[in-house]
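Visitor: I have a model open beside me and would like to walk through it with you. Could you help me read it, one piece at a time?

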Amino acid sequence: MSGGSGEEREQPRQTSPLPGVSSSASTSASTGPGGRATPEMKRSAVRSLIQRYFHQLQSGCGNAACTNDNCASSGKVAPMTPNEVAARALQLFSQDAQLCESLGQAEAEASHSVAPVSVISTLDIDMLSPNDSSSSSNSSSSSSNSSTSTITSASTTTTTSTQSQSVPAPKSVSVPGPSASSSARATPPAAAPITSSASSSGACTTNLSEVKSLEASCLISLYEECVKKDSYDKLYQAVGDVFSCVERLSRSFVRTPDTEEEEEPPAASQPLFPAKPAEPLNKEQLRTLEGEHDKDEDSTQQAGAVANTDTAAAAAVEPDLENDDDAGPEDVDDEDVPMEPAPKCESKAEPLDPSMSSDTLVDFDGLRRVQRLLFASKSRTVTDKLTSSVIQLADWIHYMRRYTPDWEKVVHCLVICFDLATNTNNMDYLDRVLPKLCLAAASMSVKAQARLARIWAAHCSDQLQTLVSSCQQQITLQVLLDEESVRENEHIKCVTKVLKIVFYANILASELERPSCRVSADELAESAASTSADGVPPEEDLFLYNQVMHPHMPKFAEDQMEKALKVSAIDCRKPLVPLEEFYNEALSENIQMHHDYLSYKSLAMESEVGSSHSTYFSFMLYAFILTPATKVDALYYDSRMRMYSERYSTLYSIINNFGQDGQDAQHRPDLKLTVRRDQLINDALVGLELVAMSNPKDLKKQLVVEFVGEQGIDEGGVSKEFFQLIVEEIFNPAFGMFVQQEETNNMWFNATPFENGAQFTLIGIIIGLAIYNNVILAVNFPMVVYRKLLGYRGTFCDLRDYSPTLYTSLKSMLDFEGQNMEEAFDQTFKISYSNVFGEMVEHELVPQGQEVLVGQHNKQLFVDLYADFLLNKNIQQQFNSFRKGFEMVTDESPLKLLFRPEEIEMLVCGSREFDFVELEHSTEYDSGYTEETQIIQDFWKIVHAMPNESKRKLLEFTTGSARVPVGGLKCLRLLITRHGPDSDRLPTSHTCFNVLLLPEYSSKEKLEERLLKAINYSKGFGML
C-alpha cells in the first residue's frame, strides 16, 4: 500500500497455515496487523474454503473439460442432498483435496497482466459470528513493481494497484445519466468532469462526484465506456454510491410505464456525476445515527456509510413498534376473504394500503441485464465494490429497524439486492451478501415483509426455488459448522425468518382455494349452537365442552404474516415449490427440541403477563422448516408436560383431601380404563363417557389400560393393542357409524347412523387420545377429514380423494365448452346417492332443483353445491360431534400450529415407508448379541425374506403396532437381547419398550420356525 511518500512496502511471504490455502491466499486472508494471524481471520479463511468445496460439489467450476473427481463440472460427482454435500465439503477440506478455479476467477486473474485492476479484498462476513454487523474492507498488497492509484470520492476511498508501465490520464467523457423524473425516459446528459493529478511515483488521483441514482440503460452505457477505456473507476464509484444508500437505490432501476412517457414530456437530463458532491456528515454525527455501534470501525467504512445518511436524520424520530416479529399490526383484519394476490395497481393513484399491493416499480429486465454485465466483468473490483456496498446497505437497514424508515423504499432496495443474489453464479458474492440481506429483511415490520412476499409472488416466482435452495444451504452449512449452538445462532434465525417470507410468497404464487374454505369463528359458534343429531339442544348435551371457548392456538403463536396476507398454507392446493422443499433435515436433527419447546413455553408465559418484547426464539413458530418427525417430538414433549401437570395437581389434591369420604376414589393421577376383550366397545365408551361428563380435563392424563383377567402392566404396549382392537371394531361397517367406500377403501361418516351424536363424540375422543398418547392407528380417512379438523370445509378439490370417479365426472363437466350442455349431460340440480343400506336417496341442491338444468351459466354452482352437500351438509351433525370429542383432548396442544392436514394424516396413520433395511441399521443389541453374531445375521436374512404381511406381524409383535412411525422405521429403536441359550421357548417381547427377547437357537431353521409361530399367535399379555 502506498504511503505518504508514494513508496510501496513489500510484504513478506508466509507459509499457508490451512489445508488448501495457498501462500498468497494466506497472506491476505489470515494475517492481521503486522503480519500476525488472528483467530477470526483463520476461521473466516476456513469457512471460505469449506464454502468453495461446497459450491464446487454442487455447482461445479464451469469448466466443461474439468477432470477433478470432486467437481460437479467433471460429471463424476453423484447426486447428493444439500446435507450430504455439506458433509462431503467438510471431508474434502480436512483432506486438503484439489480445489478448482472457476472460469470467472481465472479470467479475472488473467486480466491482471494486461489491464489495471483494483486489488480490493473486502473482508468476508464472519458467518460463525452472525452478530458482527461491521462490514470492513481490506486492501491486499500488490507486487513490488506496481504503482498505486487512489480514487477519492465523498463516500469511498479505495486503493488500486496498477502495473509500472505508463497509463494515460483519463479524459472527460459523456455518460448517459438518469432523468430528474423517475417516470421520464433517460437522455444523454452533459459530460461529467473528471480531474486527475499524477504524483511523483506515477500514481494518479481522480476526484469524482457522487451518483444520486442509476438506471439500467445508463449503467450499461457506463460499463461499455469503461470497457473501451480499460478503466473502471467511474463504474466503481457509481456502484458504490448507489448500492450503499437506501435513498439512492430506491430511486434506481425504476421501470417507466409507457403511459407516463406519452403524457409527460422528458425532464431535463442531469449528469451522472454532478459538479458538486454532497457534503458528508462528520464522524460524531455518523456515530450518533448508528447508536454508537462499533466505534472502532474503519474510517473508510464510515465514509462509505455517509451515503445512507441522506434520509436517516429525518427517520430517527421514534421507535417502530411493528418490527418485532411476534407483535403484528393491530389494524390487520382477520376476516375470511378470497385468497388471491392483490391485483396490480394500474392507475397512478396510490392504494390506501401499499402493503396489500403486489405491484413494484423495479425494472427486473434491466436489472438482470446489468447483473449479467457486472458479474461477467473482468474487473473484480467492481463486483467487490458491489458486494461491500450491498453489505453496507443491509447493515444500515438493520441499524435503523427501531426507527421509522420508509419501508417502501427499503422493500424496493431489498427486491433489487435479493434479485441480484438469486440470479448470479458468483458464489462468493452470494455467500457474503445473502446473510446480511436476511438480517436486514428479518428486521423489517410485518407489513413490509408481507409486501416483499407479494412482490416476490407476483414478479419473481421463477426465482423462488433458487432462493429456497440458497437459504437452505446457508442454514445447513451453519448447522454443520456448529451443531451445539444451533438455537443460539443468529444467522440461522435470520435466514429462517426470510425463508418464512419465501414460504408465503410461494403460497401466493401457487394454485389457491378461491374463495377461502376456512370456517370462520362465527360459523363455528353457529354450528356449536345448532341441535344435535337426535334433536337434543346444546344446553342438555352430555359433555361440558364448547370448542369455540377453547382456542387451538395461543395469541402469541398466531401467525401475523398469515393475517397480513390473508392466506394460509392449507388454501394452497398445488404449491409452486413443493412444501417439502422447506424442510431442513440438518436443522431438525440438531435442534434439541426439548430446549426449543421450553423456549416456546417461555414465550407463552411472557404473553400471558403482557410482555411484548422477548429474547426467546422458538422454531415451533416456524414449523414449515421442521420435518414431521421433529414436529412429532415437539407434540410428544407437550403431551408429557400436560400429563405430568395433571398428575401433580391430582396428587396435590389427594394429599389435601386425605381422609375425607369419597375423595380417594374420585381422584386418580392417570386415566385408567378397565375393559373386557369380549365387551371392548361398551366398556371403553362407557368409561370415557363418564370421564367426559364429570371432568373433561381428566382426558389429558396419561392413559392406562387394563384388560380384565390379564397380568400385563401398561407401560405403553397394552394401550397400543387397546387402540388397535377398538379401532377395528368401531370402523367395522357392521357397527353402523362409518361406511367403507369401495373405490378407495376409505372410511366415511354414515349419514343415517344408528347411534346418536354422543357416540361420535366418544370416537373423536379416542382419535384424540391416540394422538395425545403417541399411538398410531389403522384408520383410513380421506384427506378432507383432516382438513375439516383444522377448521376448513370440504370443497370440490377434496372429491379427488373422496371419490375419484365422481371428481373426474364433475371435472369433465366443468371443462366442457359446448353450448349444448343441457342436451349433452341432461343433468338437473337433483342428485342421488346410496345410503348404508344400498338404497338410492335423492336430494335437491336448490329449491325445485329437478326443474333446473345444468348449463354453462350455472355448472360451477352445481359442482360447488354437490361437493358441499356430500362433504359438509350431509354429515354436519355427525362430524361436529366427532370434532367436539377430538378437540376435548387436543384443544391445548400445538397441533394446529405445527401440522398441515397431510402431516396429521401421517401422525394418525403412520408413514407409508416400509423399509426394514432402515430398521436393521437402527436396531441395537444387548446381553452378548452384536451385529456379527450368527443368530442375528440369520434373523435379518429371515426377516428380509418375509412377505409384507409377515413383516407387519413382526412389527406388531415387537412394538405393539403394525404401523410405521412418522419418519420411517429408522425412528424405531428396536432392542434385540439374548434370552438364554438354545431351547424350545418362543421369542417374546416387551412392546412397551420395543424389546425382542430372542433365545440363541442352534440353527437358522429352528429360529425361523420359532419366530413365525410367535408372530402368528401373539394375542394377549402375560407376566414372564
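Visitor: Which residue of β14 is the bridge partner of Lys830?

Guide: Happy to start there! This is a predicted model, where local features need pLDDT of at least 70, side-chain atom pairs count only at pLDDT 80 or more, and totals for chains, interfaces and linings use all residues. Residues are numbered from 1 along each chain as its sequence is written, and side-chain values use heavy atoms, with hydrogens and water left out. Strands β13 (residues 830-834) and β14 (residues 840-844) run antiparallel, joined by 5 bridges, and in β14 the partner of Lys830 is Glu844.

Visitor: How are helices, strands and pairs defined here, and how many helices and strands does the protein have?

Guide: Helices (H or I, at least four residues) and strands (E, at least two) are DSSP runs, numbered from the N terminus. Two strands pair if DSSP finds at least two bridges between them. The count for the protein is 39 helices and 18 strands.

Visitor: Which residue in the turn between β13 and β14 has a positive phi?

Guide: The two strands form a hairpin with 5 residues between them. A positive phi of about 85° is found in that turn at Gly838.

Visitor: Is Val836 buried, partly exposed or exposed?

Guide: Val836 lies in the loop between β13 and β14. Leaving aside neighbours within four places in sequence, Val836 is in contact (heavy atoms within 4.5 Å) with Val739, Asn750 and Thr752. Buried means under 20% relative accessible area, exposed over 50%, and partly exposed in between, with a 1.4 Å probe and protein chains only. At a relative accessible area of 29%, Val836 is therefore partly exposed.

Visitor: Which residues make up the covered face of β10?

Guide: Strand β10 (residues 703-707) has two faces, and Val704 and Glu706 belong to the uncovered one. The covered face is formed by Leu703, Val705 and Phe707.

Visitor: Through which helix does the chain cross from β9 to β10?

Guide: This β-α-β crossover is right-handed: with the strands pointing away from the viewer, the path from the first strand over the helix to the second runs clockwise. The helix on that path, residues 680-694, is α25.

Visitor: Why is α25 called roughly perpendicular to α26?

Guide: Axes are lines fitted to C-alpha atoms, for helices over the stretch in contact, and angles run from 0 to 180 degrees between N-to-C directions. Angles under 35 degrees count as roughly parallel, over 145 as roughly antiparallel, 65 to 115 as roughly perpendicular and the rest as oblique. The axes of α25 and α26 (residues 717-730) are 10 Å apart. Their label follows from a packing angle of about 105°.

Visitor: Which residues of α25 make that contact?

Guide: On the α26 side, the contact uses Phe722, Leu725, Ile726, Glu729 and Ile730. Facing them from α25 are Leu680, Ile681 and Ala684.

Visitor: Which strands stand at the edges of the open sheet of 4 strands?

Guide: The order is β15-β16-β18-β17, with mixed pairing. Each edge strand has a single partner, so one side of each is left without a neighbour in the sheet. Those edge strands are β15 (924-926) and β17 (988-990).
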